[in-house]
Amino acid sequence: SATLHATVGTGVLTPITFPQLDDSYSPVQSLGFSFNFFGTNYSSCVISQNGFISFNLSNAGLFSPWNITQAIPGNPNCLNSALGFYADIYPGFATSPGTIESATLGTAPYRKYIVNFCDCPMFSCTTLKASFQIILYETTNEVEVHIGNAPNCPTWNAGAGIEGVHDATGTIAFWVAGRNYP
């Protein structure tokens, strides 16, 4: 047996406000530190309601494509992105909405930017709920994904989903085995 001691962080998760109830990018979000992604430093990002962090700030407030018909690398819908669970997620479903929140935690030079997707309904299968977390680490520039639940909605978008990272040119990507299109 062992005695465990928890340390509670001081960061506060802040709900992210989206311009639409479905399929949109957030306004620009500050990471609170510089993060190097495929050789480029970023201090901000946008969050897609469809399960990923994008470093394409020009997407802020715009439509985020949900239809997955192509694998990474090469999928133009998710260039320059960390894909936690890229799928057609519907967090704004009126009768049972999910939440998307973010926070920057820790002390420099080892802070982390965290985005939580909590109990977010799947589009067309709204009783199925996705819960996962994407973490970006300062200094080490690592992307970490924790998936509590990533349900498959086979009756919509062929149940497609992608977990991985994709560069800005669409030529380099890394994905979790078995979690790329199709």
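Is Arg 179 buried, partly exposed or exposed? With a relative accessible area of 42%, Arg 179 is partly exposed; here buried means under 20% relative accessible area, exposed means over 50%, and partly exposed lies in between (1.4 Å probe, protein chains only). Keep that residue in mind, as we will come back to it.

First, a word on what you are looking at. This is a predicted model, in which local features need pLDDT of at least 70 and side-chain atom pairs count only at pLDDT 80 or more, while totals for chains, interfaces and linings use all residues. Residues are numbered from 1 along each chain as its sequence is written, and side-chain values use heavy atoms, with hydrogens and water left out.

Now let your eye follow the chain. The protein has 11 strands and 0 helices, where strands (E, at least two residues) and helices (H or I, at least four) are DSSP runs numbered from the N terminus. Its radius of gyration, taken over C-alpha atoms, is 16 Å, close to the 16 Å that the globule rule gives for 182 residues, so the protein is as compact as a globular protein of that length. That rule is 2.2 Å times the number of residues to the power 0.38. Along its principal axes, the C-alpha trace spans about 45 × 40 × 40 Å.

How much of the protein is buried? Of its 182 residues, 43% count as buried.

Let us zoom in on charged side chains. A salt bridge is a side-chain nitrogen of Lys or Arg within 4 Å of a carboxyl oxygen of Asp or Glu, and a search of the whole structure finds 2 of them. In one, Glu 138 meets Arg 111, at 2.7 Å from N to O. This pair links distant parts of the chain, 27 residues apart: Glu 138 sits in the loop between strands E8 (125–137) and E9 (143–149), and Arg 111 in the loop between strands E6 (99–105) and E7 (112–122). Glu 138 counts as buried at 10% relative accessibility, whereas Arg 111 is partly exposed at 21%.

Here Arg 179 returns: its salt bridge is with Glu 163, the closest N and O atoms being 2.5 Å apart. Glu 163 belongs to strand E10 (residues 162–166) and Arg 179 to the segment after strand E11 (173–175), so this pair, 16 residues apart, also links distant parts of the chain. Glu 163 is buried, with a relative accessible area of 8%.
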